[in-house]
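Biologist: I would like to go through a model feature by feature. Please give the idea behind each reading, then the case at hand.

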Amino acid sequence: DQQAVIEIIERDLGMTCLPLTLRAGQKVRKAVIPAAGFGTRLFPASKATKKELFPIIDRDGIAKPAILLIVEEALDAGIEEVIIIVQEQDLEAFRTFFHVQVSIENYNKLPRHFQEYARRILEIGRHVRFVVQPIQEGFGHAVYCAREAVGNEPFLLMLGDHIYRSDSGQSCARQLVEAYNTHGISVLGLRRTPEGQIANFGTATGIWLEEGRLLNVTEFAEKPTLDYARSNLRVAGLPEDEYLTVFGQYIIKPQIFDYLEEHIRNNVRERGEFQLTSALDRLRQEDGFLGLMIDGQRYDIGLPEYYLETLGTFSQK
């Protein structure tokens, strides 16, 4: 039909045609959660158990490991499969939590609502699979390890040491998914951050497409110095002492794996490791990247003082 229309228009109207085929955009079906780091800043607690398994009291009063809260966030956004990147020696602990029921003796000791939750964890576990990162070579390397599991489709990336709480009826991850579905461009969550804290976070700048809500990202910087941020990372409309930092959630097109593979093959390292930020910036240059101001809060558990603050406030939000 397309070719027939082209022939008619060119013959009868003398106009030149170009074929255009519209296809539905790829759905975001998979999430990646890197959880293979050692947790140096939380030592010696991180020697006893992974920081992603540290307990957090949720609003329902249930003590949950942080990784469960992150997985629940992903599933609430419509994700069908969650890929967790782990070290070989930690694989059994994560598998046991998501795929193995507690012993019948302990199960019978649980109150009924905890028995129900024990069954729910196994249901959640049906959506969870694991990929081993054989050596810890940086955040970008961890993400690259998920290449085969993700395949050629966009994916939700969530940090393993952040948990999230929406301030609206939509989870933070779902806000990102809907932004991607609308625009078809890789997108990351952003939040306003005082300049005294930006040395701990990735930072972005750009031009507003929707004032205070949607940003066309023009640069990424990983944990910038204040001097660099003041010269290069200011965003219109923000106070001079505030910047936009990465919220800890991204939706990324699969081209990112090609860039990461190139860095790994050519041993392109930053601060001794394969980082994600430079690959994100290349994807931005070649395909575009949006930043969405998330209507919600992130809670960092990667530092002792942040973990303590999270314990005191997360269940109250």
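Modeller: Start with Asn267, in the loop between helix H11 (255-265) and helix H12 (277-287). This is a predicted model, so local features are read only where pLDDT is at least 70.

Biologist: Which loop holds Lys223, and what is its phi?

Modeller: Lys223 sits in the loop between strand E10 (214-222) and helix H10 (226-232). Its phi is near 50°, again a positive value in a residue other than glycine. With a relative accessible area of 41%, Lys223 is partly exposed.

Biologist: Which residue with positive phi follows H3?

Modeller: Gly78 follows H3, with phi near 95°.

Biologist: And where is the cis peptide bond?

Modeller: The angle to read is omega. The bond joining Phe43 and Pro44 is cis, with omega about 10°. Pro44 belongs to the loop between strand E1 (30-34) and helix H2 (45-48).

Biologist: Now the whole chain. How many helices and strands are there?

Modeller: The protein chain has 13 helices and 13 strands.

Biologist: How does the radius of gyration of the chain compare with that of a compact globule?

Modeller: For 317 residues a compact globule would have a radius of gyration near 20 Å, and the chain has 22 Å, so the two agree. The C-alpha trace spans about 80 × 50 × 45 Å along its principal axes. Of the contacts with a separation of 6 or more, 73% are between residues 24 or more positions apart.

Biologist: What share of the residues is buried, and what does the surface consist of?

Modeller: Buried residues are 50% of the 317. The accessible surface is about 15,900 Å², and carbon and sulfur atoms hold 49% of that area. As for charge, there are 35 positive and 45 negative side chains, and the centres of the two sets are 4 Å apart.

Biologist: How should I read the interior?

Modeller: In soluble globular proteins, nonpolar side chains tend to be buried together. Here the largest nonpolar core has 86 residues, and Val71, Val82, Ile84, Phe98, Phe155, Leu156 and Ile256 have the most contacts inside it. Helix H3 (residues 66-76) gives the largest share of this core, 7 residues. There is also a second, separate core of 5 residues, including Ala221, Ala229, Leu233 and Tyr243.

Biologist: Why is H3 described as largely enclosed?

Modeller: Of its 11 residues, 9 are buried, so the rest of the structure largely encloses H3. The buried set runs through Ala66, Ile67, Leu68, Leu69, Ile70, Val71, Glu72, Glu73 and Ala74.

Biologist: What does Phe155 touch, leaving out residues up to four places away in sequence?

Modeller: Its partners include Val28, Lys30, Val32, Val143 and Val150, and also Tyr250, Ile251, Ile252, Ile256 and Phe257.

Biologist: Is Cys145 buried or exposed?

Modeller: Cys145 counts as buried because its relative accessible area is 19%, and the limit is under 20%. Cys145 is in the loop between helix H7 (139-144) and helix H8 (147-150). Beyond four places in sequence, Cys145 touches Ile85, Val131, Val132, Gln133 and Pro134.

Biologist: Last, where is Ser168, and what does it touch?

Modeller: Ser168 is in the loop between strand E7 (162-166) and helix H9 (172-183). Ser168 is partly exposed, at 33% relative accessible area. Not counting residues up to four places away, Ser168 touches Gln175 and Asp295.

Technical notes. Residues are numbered from 1 along each chain as its sequence is written. Side-chain values use heavy atoms; hydrogens and water are left out. Helices (H or I, at least four residues) and strands (E, at least two) are DSSP runs, numbered from the N terminus. Buried means under 20% relative accessible area, exposed over 50%, partly exposed in between (1.4 Å probe, protein chains only). Contact means heavy atoms within 4.5 Å. A nonpolar core is a set of buried Ala, Val, Leu, Ile, Met, Phe, Trp, Tyr and Cys residues joined through side-chain atoms within 4.5 Å. The radius of gyration is taken over C-alpha atoms; the globule rule is 2.2 Å times the number of residues to the power 0.38. Accessible areas come from the Shrake-Rupley method with a 1.4 Å probe; for residues, only the protein chains shown count as cover. Lys and Arg count as positive and Asp and Glu as negative; His and the chain ends are not counted. The place of a charge is taken as NZ of Lys, CZ of Arg, CG of Asp or CD of Glu.
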